[in-house]
Amino acid sequence: MKSYSFEPGAAFAAQLDSGDILARFRDEFYLKPDSIYLDGNSLGLLSKRAEQTLLESLADWRELGIDGWMDGNHPWFYLSEKLGELTAPLVGASPEEVIVSGSTTVNLHQLVATFYKPEGNRTKILADELNFPSDIYALQSQLQIHGYDPDTHLIRVKSRDGRFLDEDDIIEAMTDEVALVVLPTVLYRSGQILDMERLTRAAHERGILIGFDGCHSIGAIPHSFSDWGVDFAYWCNYKHLNGGPGAVAGLYVNSKHFGAKPGLAGWFGSRKDKQFDMEHILTPAENAGAYQIGTPHVLSLAPLLGSLEMFAEAGIQNIREKSLRINQYLMDLVQHELGDAGFILGSPTEDFKRGGHVSLEHKEAARICKALKEKGIIPDFRAPNIVRLAPVALYTSYTDVWEAVQVLKEIMANKSYEKFSNERGVVA
């Protein structure tokens, strides 16, 4: 990231906005008046292009009925492959290695069912204790399906401080008992980026396959999955990629594994020209499409066409550069304005280790989030004590960040958060 000389005033935020090459994309999104949205790492906002491509697919259904599968604006039969092609540059892969299909957890089940091959002494799966619970549930389930006790066969690497993982600890845990490694690209609480290239190399040196959960990195940081030799990856598309609530997810499979029989077979994993032969013997696609299972959810795919078009125009390197700068600006403002308010920075300070959000730890975090929402600032709470703030490169301005920190400063000075309970809502 290019360095800059921090200044705390509003004029400096305006100066940064005037030099923002991505500022034009802000007008593409539906931004609520009198509100500042800093929760794009949980659910990205709706863009006008995503709305348009959804409406076009609805029109195909209205006008064409079943012929929408092959005709119309966006033929549904090839939509997952088309979106895989558009997503591939964001993960550093060839179009054939990426498919947009399923959900995060369904795709994890599919990939583990395909690539977890316990044999001899190698029967364990290596994960970490800071991973998102859904991944752990899926890994526990897969072990049980194979007849193994998750308490002994799921290794969860410990964090030294409760915030971050040390790659040395992960590599040390790659013993000759491990058959598969599944890790996050970015830790969902702290925003730490793991060194995927190093971890992949270490796993392969030990004869272990490795895959990554890219939910908190896709659309926020560049990846080079193919060059790094990553075996597989999976992710959601409703966070930084702004695909909408319940958006269809994505997966990557390295081309060296093409031909591996899908662990969970379904007819949309068929080779396209064979799918409607209706044979009882599956002829899998010869690419990542083989790992699809069921019929794609067309109306949850369609918004991604518009959203990914913007990512192609903006460029993931430009997005990353602004993300780093605006998050550094946020951290500098917090330190300057709230240095005595009891916040602890729970994210890495180094650019190469930090993803697309900033975590602030505070014993009153749940209350503070509620107070922010009352003032029109939309943050995210993560138990037990984290306020997550995610300035998103395509629609958050530096002035937004400045104003949000001023509101937070006022809340802390007046202790207006005390009127709320320090407990999370049903959805946090």
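Where is Phe 132 found in this structure? Phe 132 sits in the loop that runs between β3 (124–128) and α5 (133–145). Helices here are DSSP runs of H or I with at least four residues, strands are runs of E with at least two, and both are numbered from the N terminus.

Before I continue, a word on the basis of these values. This is a predicted model, in which local features need pLDDT of at least 70 and side-chain atom pairs count only at pLDDT 80 or more, while totals for chains, interfaces and linings use all residues. Residues are numbered from 1 along each chain as its sequence is written, and side-chain values use heavy atoms, with hydrogens and water left out.

Phe 132 counts as partly exposed because its relative accessibility is 36%. Buried means under 20% relative accessible area, exposed means over 50%, and partly exposed lies in between, with a 1.4 Å probe and protein chains only.

Phe 132 also belongs to a "binding site" annotation in an unreviewed UniProt entry, which covers Thr 104, Thr 105, Phe 132, Pro 133, Ser 134, Asp 135, Asp 213, His 216, Tyr 238, Trp 267 and Thr 295. Such positions are given in the numbering used here, feature names are shortened, and annotations may be inferred rather than shown by experiment. The annotated residues span 192 residues in sequence and their farthest two C-alpha atoms are 29.7 Å apart, so they do not all gather at one spot.

From this set, the lining of the largest pocket takes in Thr 104, Thr 105, Phe 132, Ser 134, Asp 135, Asp 213, His 216 and Tyr 238. On a 1 Å grid over the protein atoms alone, a pocket is an open set of points where a 1.4 Å probe fits, with protein on both sides within 12 Å along at least five of seven lines; lining residues have an atom within 4 Å of a point.

I turn to His 216, located in the loop between β6 (209–213) and α9 (225–228). With a relative accessible area of 7%, His 216 is buried. Beyond its neighbours within four places in sequence, His 216 is in contact (heavy atoms within 4.5 Å) with residues including Asn 41, Tyr 188 and Arg 388.

Finally, the cysteines. How many disulfides does the structure hold? There are zero, a disulfide being a pair of cysteine sulfur atoms within 2.5 Å. Cys 215 is in no disulfide, and its nearest cysteine sulfur, that of Cys 236, is 3.6 Å away. Cys 215 counts as buried because its relative accessibility is 8%, and Cys 236 counts as buried at 1%.
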